[in-house]
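Subject: Structure handover

Hello,

Here is the structure I promised. Please open it beside this email and follow along.

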Amino acid sequence: MKYLDEYRDAPACQRYLAAIARITTRPWTIMEVCGGQTHAIVRFGLQELLPPHIELVHGPGCPVCVTPLEIIDKALALAARPEVIFCSFGDMLRVPGSRQDLQTVRGAGGDVRVVYSALDCLHIAREHPHKQIVFFAVGFETTAPGNALLVARAAREGLSNLSLLVSHVLVPPAIEAILSSPQNRVQAFLAAGHVCAVMGTAAYQPLAARYHAPLVVTGFEPLDILQGLYMCVRQLEQGRAEVENQYVRSVRAEGNPEAQALIASVFGVVTRQWRGMGEIPASGWGLSPAYRAFDAEHRFDLARVSAPEPAECISGQILQGQKKPAECPAFGLRCTPQHPLGATMVSAEGTCAAYYQYRNCESA
Amino acid sequence: MSEPMFKLNCPLPLAGHERVLMAHGGGGRMMSVLIAQIFRQAFDNPELETRHDGAVLTLAPGRLAMSTDSYVIRPLVFPGGDIGTLAVNGTVNDLAMCGARPLYLSAAFILEEGLEIATLWQVALSMRQAAERAGVRIVTGDTKVVERGHGDGLYINTTGIGRLEHALRIAPASVRPGDAVLISGDVGRHGMAVLAARENLSFHSPIESDCAPLADTVMALLQQGIEVHCLRDATRGGLAAVLNEIASDAGLRIDCDDAAIPVDRAVREACELLGLDPLQVANEGCFVAFVAQRHSDAALATLRSFNPRAALIGAVLDAQPGLVTLSTELGGRRILDMPMGELLPRIC
């Protein structure tokens with residue numbers, strides 16, 4: 001498959017693995033930020049091919065993991081309303097709120113639809129003028145341009161039956177939260193390639209300098225990830241801390257100015273709650289005042305929905321590489337993939353879910 | 001399957017009606033017309049012609065297999081088949097997975113008021129065609145009609161009976177460490193064909209369902225004297241679900257090689273685009289065979305005589321019970337997880 005097979009080429013990957021092994025002289029802890037990168041690492045079994053003293057920490061860059069319980073509960077409350085058609089990207093359907101998930105709400109009669117593009121909601125809104133269409137606008141900077149385009153088009157068309165439940169989050173503040181923690185163990189980052197394709201790389205320069213941590217903007221195929229890791233290790237071994245771009249085929253330093261302009265016209269920076277990590281200042285986007293009419297939280301009375309996270313869950317520390325799942329008293333007992341307490345058990349690729357899977361096999 | 005069999009007269013409109021009405025399920029004249037002109041005409045066989053409450057069958061002594069399945073699919077017609085093809089092949093294949101030669105099927109229809117008679121006729125003809133191909137007869141049936149809005153057009157249940165012509169015990173408990181794991185064809189086509197039809201997705205190259213009867217392939221394996229330990233068709237949940245079920249039921253570990261598992265290029269591309277794993281996508285014409293290691297080559301040759309894409313994909317190990325691993329194309333190894341249930345495209 002063109003543009004994929006080249007980046008999964010086994011001999012080329014072997015060369016990078018050998019090169020990483022050759023230049024590594026001591027243990028390093030590196031975080032891949034994006035859930036897409038975690039997926040590739042798990043899918044291709046990359047961790048076990050790396051030298052044993054390179055530890056990969058799966059970062060918080062997965063909307064399935066970090067969308068806060070409170071927002072999920074709001075989504076569930078909206079989806080259960082008889083007048084609402086609730087539209088979502090596929091894998092948010094199985095993210096548990098405090099009591100249930102969107103699949104359960106659909107089973108109980110809620111009209112919950114999977115869309116492949118935010119813009120699909122325009123057709124649904126036109127086809128159902130007497131229904132309220134709510135789109136679950138989650139994700140990082142990557143999904144924001146499409147979601148912003150939905151708002152801009154809906155405004156231009158004057159669609160009054162469409163709104164968004166927005167929980168956009170931003171990567172640089174999350175990296176800063178990790179780096180600034182006194183317990184931080186992460187020494188370098190594979191930054192999320194597609195986020196940078198939209199936003200560019202400028203926001204990462206001050207982070208690399210202030211915390212003396214290499215940041216390598218990296219793609220999502222095995223060869224991308226191995227090359228990104230090689231670039232990280234090379235910087236670490238040489239004592240450098242710079243922003244480098246492995247994903248040159250997609251990422252320009254300035255990003256995509258057109259998408260940025262669209263985002264800036266629709267969204268404004270807000271403080272966001274992250275599942276597992278708590279509140280991070282200026283870490284998300286919400287609809288700007290000009291588009292407040294499209295804000296589902298404004299349109300519907302949802303203010304009273306609030307859901308504290310389970311106190312014993314340590315997923316925040318696990319997300320940041322500070323603790324291992326075995327250190328959690330709830331792990332495997334009160335917290336399982338079927339009944340997850342926190343972010344890292346929610347996603348199949350979350351650290352706790354992966355440990356749980358292995359543990360089952362080892363002990364059985 | 002001979003062409004003249006299909007020179008049947010389309011019964012349209014059915015006594016003046018182009019759509020199914022509640023009265024078609026009411027037990028009166030309209031139901032008789034529906035049964036006579038659609039089902040008896042399409043399925044045409046002596047057992048059905050007795051027009052009795054059930055079929056009376058004469059079976060040779062020996063072990064029998066019985067299986068039942070209900071078919072619910074949207075859209076009713078998809079590239080490569082329809083609900084009728086599925087309803088026959090699905091049950092025929094479940095019998096074949098018991099190592100049985102399929103003989104007879106029952107067919108029960110739940111029709112939604114308003115279903116087009118032309119669609120029902122097409123489905124009935126598909127069932128006839130699939131039954132001919134699989135060598136089974138549809139010998140008894142039932143029809144019910146539900147109000148509009150209470151069904152997805154048409155649901156079908158089929159139950160099948162087949163005869164075992166061997167002494168093997170084909171079941172997960174018969175799987176042994178060292179067994180070879182083979183697949184009878186490429187995976188992921190049925191699920192992607194249906195998804196594309198349902199969601200109006202158009203891919204570069206169209207994908208057709210693999211829906212097909214598997215009994216001949218299984219019979220050939222058995223006739224060759226191959227020591228078959230377990231067979232399972234990789235339907236819902238795809239190959240990933242089947243391997244996990246058997247690893248868990250047999251209390252053994254299964255190791256497979258990702259690169260050996262055949263996936264059609266168009267299926268692979270569509271899955272990449274949507275963030276789906278082809279190993280979790282449903283199939284309707286492909287099965288996994290666990291055979292004694294010494295018969296691995298012979299089994300593969302037999303499977304390939306039916307489908308050149310059949311492959312040896314892995315082996316059974318006497319290790320962590322229930323674990324399924326996949327060696328990746330880069331030489332790594334990962335756990336192949338049990339799918340959660342519904343296929344949900346990934347955000348990232």
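Strand 1 (residues 28-34) and strand 7 (residues 188-192) of chain A run parallel and are joined by three bridges. Strands here are DSSP runs of E, at least two residues long; helices are runs of H or I, at least four residues long; both are numbered from the N terminus. Two strands pair if DSSP finds at least two bridges between them. Glu32(A) has Leu190(A) as its bridge partner in strand 7 of chain A.

Before going on, two notes on the source. This is a predicted model, where local features need pLDDT of at least 70, side-chain atom pairs count only at pLDDT 80 or more, and totals for chains, interfaces and linings use all residues. Residues are numbered from 1 along each chain as its sequence is written, while chains are lettered from A and ligands numbered from 1 in the order in which they are written.

The chain A sheet

Strand 1 of chain A also runs parallel to strand 2 of chain A, over six bridges. There, Cys34(A) is bridged to Gly61(A) of strand 2. The whole sheet is open and parallel, with five strands in the order 2-1-7-8-9. Strand 2 (54-61) and strand 9 (243-245) of chain A are the edges; each has a single partner strand, so one side of each lacks a neighbour in the sheet. The twist averages 25° from one strand to the next. Angles run from 0 to 180 degrees between N-to-C directions, and axes are lines fitted to C-alpha atoms, for helices over the stretch in contact.

Is strand 2 of chain A mostly covered or mostly uncovered? Mostly covered: six of its eight residues are buried. Buried means 20 or more other C-beta atoms within 10 Å of the residue's own; exposed means 12 or fewer; partly exposed is in between; C-beta atoms are placed from the backbone.

Two residues in chain A

Gln235(A) sits in helix 11 (residues 222-238) of chain A. It counts as buried, because it has 21 C-beta neighbours inside 10 Å. Leaving out residues up to four places away in sequence, Gln235(A) touches Ala188(A), Pro214(A), Arg240(A), Ala241(A) and Glu242(A). Contact means C-beta atoms, placed from the backbone, within 7 Å. Ala188(A) is 47 residues from Gln235(A) along the chain, and their C-alpha atoms are 8.9 Å apart.

His212(A) is in the loop between helix 10 (205-211) and strand 8 (215-218) of chain A. Its phi is near 50°, positive in a residue other than glycine. His212(A) has 12 C-beta neighbours inside 10 Å, so it counts as exposed.

A helix pair in chain A

Helix 7 (residues 144-157) and helix 12 (residues 257-266) of chain A pack at about 55°, with their axes 9 Å apart. That makes helix 7 of chain A oblique to helix 12 of chain A. The classes are roughly parallel under 35 degrees, roughly antiparallel over 145, roughly perpendicular from 65 to 115, and oblique for the rest. Which residues of helix 12 of chain A make the contact? Ala259(A), Leu262(A), Ile263(A) and Val266(A) do. Nonpolar covers Ala, Val, Leu, Ile, Met, Phe, Trp, Tyr, Cys and Pro; charged covers Asp, Glu, Lys and Arg; the others, Gly among them, are polar.

Chain B

An open sheet of four strands in chain B has the order 1-6-4-5 and mixed pairing. Strand 1 (64-71) and strand 5 (137-146) of chain B are at its edges, each with a single partner strand, so one side of each has no neighbour in the sheet. The twist averages 15° from one strand to the next. Strand 4 (residues 100-112) and strand 5 of chain B pair in the parallel sense over nine bridges. In strand 5 of chain B, Asp142(B) is the bridge partner of Ala108(B). Helix 4 (residues 117-134) of chain B packs on the sheet and touches strand 4, strand 5 and strand 6 (154-164) of chain B.

Two loops deserve a look. Pro75(B) is in the loop between strand 1 and strand 2 (77-78) of chain B. The peptide bond from Arg74(B) to Pro75(B) is cis, with omega near 0°. Asn200(B) is in the loop between helix 5 (189-199) and helix 6 (215-223) of chain B. Its phi is near 55°.

Where the chains meet

In the model, 23 residues of chain B contact 35 residues of chain A. The side of chain B that touches chain A has nine nonpolar, five polar and nine charged residues.

Best wishes
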